[in-house]
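Subject: Handing over the model and my notes on it

Dear colleague,

Here is the structure we spoke about, followed by my notes on what was found in it. Please read the notes with the coordinates open beside them.

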Amino acid sequence: QKAEWNKLKNEATVTLDGKHIELAANIGTPKDLVGVKDNGGEAVGLYRTEFLYMDSPDFPSEEDQFIAYKAVLEGMEGKAVVVRTMDIGGDKELPYLTLPHEMNPFLGYRAIRICLAQPDMFRTQLRALLRASVFGKLRIMFPMIATLGEFRQAKAMLMEEKAKLVSEGVSVADDIQVGIMIEIPAAAVIADKFAKEVDFFSIGTNDLIQYTMAADRMNERVSYLYQPYNPSILRLIKNVIDASHKEGKWTGMCGEMAGDQTAVPLLMGLGLDEFSMSASSILKTRSLMKRLDTTKMAELADKAINDCDTAEEVVALVESYTK
Ligand code: PEP
Ligand code: MG
């Protein structure tokens, strides 16, 4: 089977009915690009920049960040790279950033919330990204967005830094897409509002599922509630994709669910535009997608969302469609 998959390395991902779907990779450092190439990744759908911070004894300088972002953009040779701004907090700590002790770190001070409260650190990252933008096809993504206000504030800071750089004579690309992760149910519910202002969405199911089901993604005791195929999750995903398409925008997914072989047929049916996963899942997913018809998968997704009551029923339905 591996040999069969390997033949698909240099192929585009085209479904049985001829629809192109973008299969992208999640990376944590520039070194991960080797795996992306080896597995035929068509883009980087999530560059988790927090590793840059976690692997450093102090805040990485603008220059250090610029070097890393430039390396990834150049390495992808003009293919899209979605860079997520720092997502510290929750389970990820930094030795040099003292965060308050919290009862519920996953519901607390993390990601964009830290960035908006400590703008110096955030602006340094934004400047590094903007300077790197001329070396490839950069897309900037903000994590853990709950409200439009947060997005507007983050985007305004980005635009301010861009204007400053331009006035300093630094060249900055002017086709940078700016999007958000959809990983908080509040944002998924009002995706239609967000869709008017963002360039794209990327659904972070790892967090979206934990917040929707109110079940800690690390807690074994409640892991039975961690249900990617629960109709509630599918409905949220559908809402996000439909809202983006209404505004002519695109939706990707960068949570684990994007590479889940049971979820892929459903997500194809819902019209997901980009799937981003660990590089090692790309070829088997491409192989699966080539065997599936999007119209048939749309019918499957419709039934899953409207007729199924439970995650178990959804799984059985998917199996009946793909076997
Ligand atoms: C997610 O929440 O699905 C996601 C991709 O982000 P992370 O796993 O880094 O929280
Ligand atoms: Mg997340």
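**The annotated pair and the ligand shell**

Asp207 has its place in helix H10 (residues 205-213), where helices (H or I, at least four residues) and strands (E, at least two) are DSSP runs numbered from the N terminus. Before going further, please note that this is a predicted model, in which local features need pLDDT of at least 70 and side-chain atom pairs count only at pLDDT 80 or more, while totals for chains, interfaces and linings use all residues. Residues are numbered from 1 along each chain as its sequence is written, and chains are lettered from A and ligands numbered from 1 in the order in which they are written.

Asp207 is buried, with 23 other C-beta atoms within 10 Å; a residue counts as buried if 20 or more other C-beta atoms lie within 10 Å of its own, exposed if 12 or fewer, and partly exposed in between, with C-beta atoms placed from the backbone. According to the unreviewed UniProt entry, the annotation "binding site" covers Glu183 and Asp207; UniProt positions are given in the numbering used here, feature names are shortened, and annotations may be inferred rather than shown by experiment. Although these two are spread over 25 residues of sequence, they cluster in space, with a largest C-alpha distance of 5.3 Å.

Glu183 is found in the loop between strand E5 (177-182) and helix H8 (185-189), and Glu183 counts as buried because it has 26 C-beta neighbours inside 10 Å. Leaving out residues up to four places away in sequence, Glu183 touches Met144, Gly204, Asp207 and Leu208, a contact being two residues whose C-beta atoms, placed from the backbone, lie within 7 Å.

Which residues are around ligand 1? They are Leu46, Arg48, Asp87, Glu183, Gly204, Thr205, Asn206, Asp207, Cys254 and Gly255, a residue being near a molecule if its C-beta atom, placed from the backbone, lies within 6 Å of it. Strand E2 (44-48) and H10 each supply at least two residues of this shell, and the largest share, three residues, comes from H10. By type, the shell around ligand 1 divides into two nonpolar, four polar and four charged residues, where Ala, Val, Leu, Ile, Met, Phe, Trp, Tyr, Cys and Pro count as nonpolar, Asp, Glu, Lys and Arg as charged, and the others, Gly among them, as polar.

**The chain as a whole**

The chain holds 15 helices and eight strands. Its radius of gyration is 19 Å, close to the 20 Å that the globule rule gives for 323 residues, so the chain is as compact as a globular protein of that length; the radius is taken over C-alpha atoms, and the rule is 2.2 Å times the number of residues to the power 0.38. The C-alpha trace spans about 60 × 45 × 35 Å along its principal axes, and buried residues make up 45% of the 323 residues. Among contacts between residues at least 6 apart in sequence, 69% join residues at least 24 apart.

Eight of the eight residues of helix H12 (residues 263-270) are buried, so H12 is largely enclosed by the rest of the structure. The buried residues of H12 pack against H11, strand E7 (250-253), strand E8 (274-277), helix H13 (282-290), helix H14 (294-307) and helix H15 (311-322). After H12 comes Gly271, whose phi is positive, near 90°.

**Backbone points to check**

Ala111 has a positive phi of about 50° although it is not a glycine, and it is found in the loop between strand E3 (80-84) and helix H5 (112-117). Met144, which Glu183 touches, likewise has a positive phi, near 55°, in a residue other than glycine; Met144 is found in the loop between strand E4 (137-142) and helix H7 (148-167).

With best regards
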